[in-house]
Every structure is written in structure tokens, then in C-alpha cells.
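Good morning, everyone, and thank you for letting me take a few minutes of the meeting. Please have a look at the structure on the screen, and then I will walk through it step by step.

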Amino acid sequence: IYTLSLHDALPIYLLTVSETARVLNVSSHTIYKLIQIGQLSAIKVSPRKTMITAEELEKYLQNHKGGF
């Protein structure tokens, strides 16, 4: 988990695709698919690195309590 802080703002906790996959107990491919179809928002921090905010993951979990 990475932390991004902008001056006096609250820190933003970021998870890699792999970390997010582990939390949801799915594959990284599934996470990319969820991002692609718009069910999970992500931040592209570089051409090879995609991150998901902890807040976005929590939102996804709240909206999908019954499973995928």
C-alpha cells in the first residue's frame, strides 16, 4: 500500500492491482477487467503502473456485497 499526501490534505492510500486482487481474492486479470468495464476506478500513475485508491476499493465492496 502506497500513501500519497498533498500538503494539508488527508493522505490517499493506493493499492496496486496485485494488492487489490489479493483483497478481493481474484486474479489481477479480473481487476483489469473490472477497471475496463467501469466497475472499479483506477489511477494510471505510469505506463506500467495502475493504482486503486483504498476509498475506491471500499466503495466497490459496499456496492458488491453479494459477490461479483
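This is a predicted model: local features need pLDDT of at least 70, side-chain atom pairs count only at pLDDT 80 or more; totals for chains, interfaces and linings use all residues.

Let me begin with the overall layout.

Which residues of α1 are buried? They are V17, E19, T20, A21 and L24, and the elements that cover them include strand β2 (12-16), helix α2, strand β4 (49-53) and helix α3 (54-63). Just after α1, N25 takes a positive phi of about 60°.

T20 has a relative accessibility of 0%, and because buried means under 20%, T20 counts as buried. If we leave aside residues up to four places away in sequence, T20 touches L15, I31, L40, I52 and L57. One of these partners, I52, has with the same exclusion a list of contacts that includes L15, V17, T20, I31, L40 and L57.

How do α1 and α2 sit against each other? Helix α1, residues 17-24, and helix α2, residues 28-36, pack at an angle of about 100°, and their axes are 8 Å apart. Since angles of 65 to 115 degrees count as roughly perpendicular, the two helices α1 and α2 are therefore roughly perpendicular to each other. On the α1 side the contact is made by V17, S18, T20, A21 and L24, and on the α2 side by S28, I31 and Y32. Sorted by class, this contact of α1 with α2 has five nonpolar residues, three polar ones and no charged ones.

Finally, let us look at the core. The largest nonpolar core has ten residues in all, namely L15, V17, A21, L24, I31, L34, L40, I52, L57 and Y60. Helices α1, α2 and α3 each supply at least two residues of this core, and α1 gives the most, with three.

Definitions and conventions: Residues are numbered from 1 along each chain as its sequence is written. Side-chain values use heavy atoms; hydrogens and water are left out. Axes are lines fitted to C-alpha atoms, for helices over the stretch in contact, and angles run from 0 to 180 degrees between N-to-C directions. Helices (H or I, at least four residues) and strands (E, at least two) are DSSP runs, numbered from the N terminus. Angles under 35 degrees count as roughly parallel, over 145 as roughly antiparallel, 65 to 115 as roughly perpendicular and the rest as oblique. Contact means heavy atoms within 4.5 Å. Ala, Val, Leu, Ile, Met, Phe, Trp, Tyr, Cys and Pro count as nonpolar, Asp, Glu, Lys and Arg as charged, and the others, Gly among them, as polar. Buried means under 20% relative accessible area, exposed over 50%, partly exposed in between (1.4 Å probe, protein chains only). A nonpolar core is a set of buried Ala, Val, Leu, Ile, Met, Phe, Trp, Tyr and Cys residues joined through side-chain atoms within 4.5 Å.
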